[in-house]
Amino acid sequence: MFKKYLSAGVVFLGIFYFLQSFADSSLWEYFSGNKSGVGEVKNSLYKEECGECHFAFQAGLLPARSWQKMMQDNELENHFEESLEYELDTKKQLLDYLVNNSAGNNNYRRSRKFNDSLRMNETPLRITETRYFIRKHNEIPKRFIQQETVGNLANCEACHTKASRGNYDDDYVNIPNVGKWED
Amino acid sequence: MKKFILAMMVSLIFSLHSHANQLDFQKLYESWAGSSLFSPDASLGKKMWDQKFYKGRSCSSCHTNNLNDSGLHVKTKKIIKPLSPTKNAKRLSSTKKINKWLKRNCKFTFNRECTLDEKINFIEYIKTY
């Protein structure tokens, strides 16, 4: 009697863990429609125009209203101290791409976390000022961030080795001169 | 004789090809100058390259003072490919890009647009690499 329940239990656990292993795989994604990460930069114009001076931040890191504000003329004139100018056509292409792939407009799980951490009346222009981002980075010693090779929290690629793939998973974090970090 | 003519034709074709992508700098400078006079001076460009301006910024802050080297954006730490047209064939190959970056970077570094002479001298300095 006991053996029956034991073997049933073992089979159940076996199936459970077998299925768990698919949790982050494409099989799971196929059924749930949900993808991990924040999405990759797929627009070559965006990659070029917005990835020349800094890391090409994925559209899924901010909500549509943030991108819309950032692309307004008065904001472009003072884009974090840089004066940007774009032809109308270029501007429209960039904004369309950003809005269509923004947090809240895609089915990437981590992108949704960014979006969910914001209140509707908040329109951050800095990814580093979103509640989700702050929560994820607030225990890191300042000296790890301020060291020469990293500089500041906007330099994602310095520590997130798969940032350019839209993958900010702990597993792939390698802080220069420090190593792995898990929160 | 035939060989000579053939050699001349081949070298003519080669010489044409090597200039095919060369920007017409005179034309570019004239487009900036309008009716003003200018006299290009790479050494003045080099001199200004290291000088500190707005918030202590200089051209060399990001581009270093050896244009064969890669640079680093002071704020974002993004790697900037060498400005040397010899090391980096894309440099000084597009009027549009030259105009874009001179405007943006002069505003960032000097908090104003560069003057006609400054722009010309910077291009002339970059050409020396």
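How many nonpolar, polar and charged residues are in the lining of the largest cavity? That's what I opened the notebook with, keeping in mind that this is a predicted model.

**Entry: the cavity**

I counted by class and got four nonpolar, three polar and two charged residues in that lining. I then looked up who they are: B:His63, B:Leu67, B:Asp69, B:Ser70, B:Gly71, B:Ile80, B:Lys81, B:Pro82 and B:Leu83. The volume came out at about 30 Å³. I found one cavity of 30 Å³ or more in the structure.

**Entry: the largest pocket**

Next I went for the open spaces. The largest pocket holds about 1200 Å³ of space, and I noted 36 residues in its lining. Nearest its centre I wrote down B:His63, B:Ile80, B:Leu83, B:Arg91 and B:Trp101.

Which elements of chain B give two or more residues here? I got helix H4 (59-63), strand E2 (79-80), helix H5 (95-110) and helix H6 (116-127). H5(B) gives the largest share, nine residues. By class, I have 17 nonpolar, ten polar and nine charged residues down for this lining.

**Entry: the second largest pocket**

I looked up its volume: about 760 Å³. Of the 32 residues lining this pocket, I listed A:His54, A:Phe57, A:His79, A:Phe80 and B:Thr76 as the closest to its centre. Helix H3 (44-49) and helix H4 (64-70) of chain A are the elements that give two or more residues to the lining. My class tally reads 19 nonpolar, seven polar and six charged residues.

Key: Residues are numbered from 1 along each chain as its sequence is written. Chains are lettered from A and ligands numbered from 1 in the order in which they are written. This is a predicted model: local features need pLDDT of at least 70, side-chain atom pairs count only at pLDDT 80 or more; totals for chains, interfaces and linings use all residues. Side-chain values use heavy atoms; hydrogens and water are left out. On a 1 Å grid over the protein atoms alone, a cavity is a set of points where a 1.4 Å probe fits but cannot get out, and a pocket is an open set with protein on both sides within 12 Å along at least five of seven lines; lining residues have an atom within 4 Å of a point. Grid points are joined across faces, edges and corners, and a volume is the space filled by probe spheres set on the points. Ala, Val, Leu, Ile, Met, Phe, Trp, Tyr, Cys and Pro count as nonpolar, Asp, Glu, Lys and Arg as charged, and the others, Gly among them, as polar. Helices (H or I, at least four residues) and strands (E, at least two) are DSSP runs, numbered from the N terminus.
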